[in-house]
Amino acid sequence: MPAHNDVPATSTFGQRVQRARERTGKTRAVVAGLMEQSTEWVKAIETGRIGMPRLSKLLRLAHVLGVEDLTELTGDERIAATTYSKAQHGALPVIKRSLTTYQLAAADREPEPADVLAARLRQAWKLWHARDRRSGPGHTVEGNRSRIAALLPGLLADTQHATRSLEGADRRRALVALAETYHLAQLFLSFQPAPELVMLTGDRAMTAAQDADSPRAIAAAAWYVNHVHRDAGEASEARVELAEQAAALLPDQDDPEHIARLGLLHLAVALSHAKTGQAGDAWRYWDKADAAARRLGDDYSHPWLMFGRGIVDGYAITMHNDLVQPGKALQIADSLDLDRIPSATRRSYHLIETARAYGMAGERVAAVSLLKKAYEESPETIQYNLHTRGVLPELVKSGPRMVRDDALGLARDLGVPV
């Protein structure tokens, strides 16, 4: 095996990956299969269209290529901890305590009725999806995670108490409310350094939905299990079979609630297949989600799951990105109507994904511009986004001169060391 010192100092990460692959005699297709990615993904890594992956995937790539010394691939490139770690929200310890505190003694108060819990949840979802409130130009008062963190402990305690105290149909309705409360906790925990809590809330949400004997609640729980794990880059946890089983429970009714949930589950499967490079299956399921959106009409958007025309089109950008097709992603982005997505957090996410497509296409000026727009929509959404935290230091260091200051300013606003 050639020594690491034999690698030219000026070679890029992609060139070093290609050199290691060719030395082992593996084709791009073989490496892609072992990595559970597409052949186009390997090509994009080697040609520099995709940068260095996050640490877990980087370590797996080194193993596949038979590389024992990671610097053989990374060379002199600095592996910033912020690129591979998740920033912690200040309220995370509070949320962790509320999730891991067990009230064993009977409460000395009456449980809230299920309809009151449902009303509190509707308000919580509005706060999650709303734009951040500001005290003045450039000054954020509180973001979506901060707003939800203030509500979650009390909402968790009250819904848990209701499920222990109520009976019959009222208890089942309270269990549905409990599952939704865990969904809010899952969203708070996504992109946080607490994977064990993401697993915990996902499991509890599904258990509550099953205990409620509600196919609709089970469908929502299956979507969020896929959603938060996939957004966190953990494709192995985005379980396709779970979404398919939940979809089979939903009766074929001409009811927007059923249609929206069925469409979401098809979208979950499509996104999971795209994440692992299975383009045919990905677009087959996207077509099913698209059909559901068409049945609901262009103006429909679910009040808290947000399924509708806007996110079906928006997630097509993500799918093309994951399949390393930035040109096609940008074609979708060019016609995407963000006004059809009544959620600042979702709009910010799709803007970040559009920026990712521009970055892969080598148009870094446009990428920075879109990241700034995503920040304006929802600062806390972009602040904890792993792609953003990984790409900003690179843009500050080696981006076009005209955008380095903008990238640096955004990095400072988000607390990303560069």
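At what angle do helix α19 and helix α22 pack, and how far apart are their axes? I noted that this is a predicted model, where local features need pLDDT of at least 70 and side-chain atom pairs count only at pLDDT 80 or more, while totals for chains, interfaces and linings use all residues. Residues are numbered from 1 along each chain as its sequence is written, and side-chain values use heavy atoms, with hydrogens and water left out.

**Entry 1: α19 and α22**

I looked up α19 (residues 364-377) against α22 (residues 401-414) and got an angle of about 30°, with the axes 10 Å apart. For the names: helices (H or I, at least four residues) and strands (E, at least two) are DSSP runs, numbered from the N terminus. The axes are lines fitted to C-alpha atoms, for helices over the stretch in contact, and angles run from 0 to 180 degrees between N-to-C directions. α19 and α22 are therefore roughly parallel to each other. My cut-offs were under 35 degrees for roughly parallel, over 145 for roughly antiparallel, 65 to 115 for roughly perpendicular, and oblique for the rest.

α19 passes α22 in a left-handed crossing (the near helix is turned anticlockwise from the far one by less than a right angle; clockwise would be right-handed). On the α19 side I listed V365, V368, L371, K372 and Y375, and on the α22 side M402, V403, D406, A407, L410, D413 and L414. Contact here means heavy atoms within 4.5 Å. By class I got 9 nonpolar, no polar and 3 charged residues in this contact. Ala, Val, Leu, Ile, Met, Phe, Trp, Tyr, Cys and Pro count as nonpolar, Asp, Glu, Lys and Arg as charged, and the others, Gly among them, as polar.

**Entry 2: α13 and α14**

Next I checked α13 (residues 240-249) with α14: their axes come within 9 Å and cross at roughly 160°. The two are therefore roughly antiparallel to each other. The crossing of α13 past α14 is left-handed. From α13, V240, A243, E244, A246 and A247 meet L262, L265, A268, V269, S272 and H273 in α14. I counted 8 nonpolar, 2 polar and 1 charged residues there.

**Entry 3: α16 and α17**

For α16 (residues 309-322) and α17 (residues 326-335), I found axes that come within 8 Å and cross at roughly 170°. That makes α16 roughly antiparallel to α17. D313, A316, I317, H320 and N321 of α16 make the contact with P326, K328, A329, I332 and A333 of α17.

**Entry 4: cavities**

How many cavities of 30 Å³ or more does a search of the whole structure find? I got 4. On a 1 Å grid over the protein atoms alone, a cavity is a set of points where a 1.4 Å probe fits but cannot get out, and a pocket is an open set with protein on both sides within 12 Å along at least five of seven lines; lining residues have an atom within 4 Å of a point. Points are joined across faces, edges and corners, and a volume is the space filled by probe spheres set on them.

The largest cavity has a volume of about 160 Å³. It has 14 lining residues, with W128, S190, F191, R346 and T381 closest to its centre. Its lining has 5 nonpolar, 6 polar and 3 charged residues.

The second largest cavity holds about 90 Å³. Of its 13 lining residues, H129, Y224, H227, L305 and R346 are closest to the centre. α12 gives the most to this lining, with 3 residues. I sorted the lining into 9 nonpolar, 3 polar and 1 charged.

**Entry 5: second largest pocket**

I put the second largest pocket at about 590 Å³. It is lined by 23 residues, and A118, R122, E180, R261 and W304 are the closest to its centre. α8 gives the most to the lining, with 7 residues. I noted 11 nonpolar, 4 polar and 8 charged residues around this pocket.
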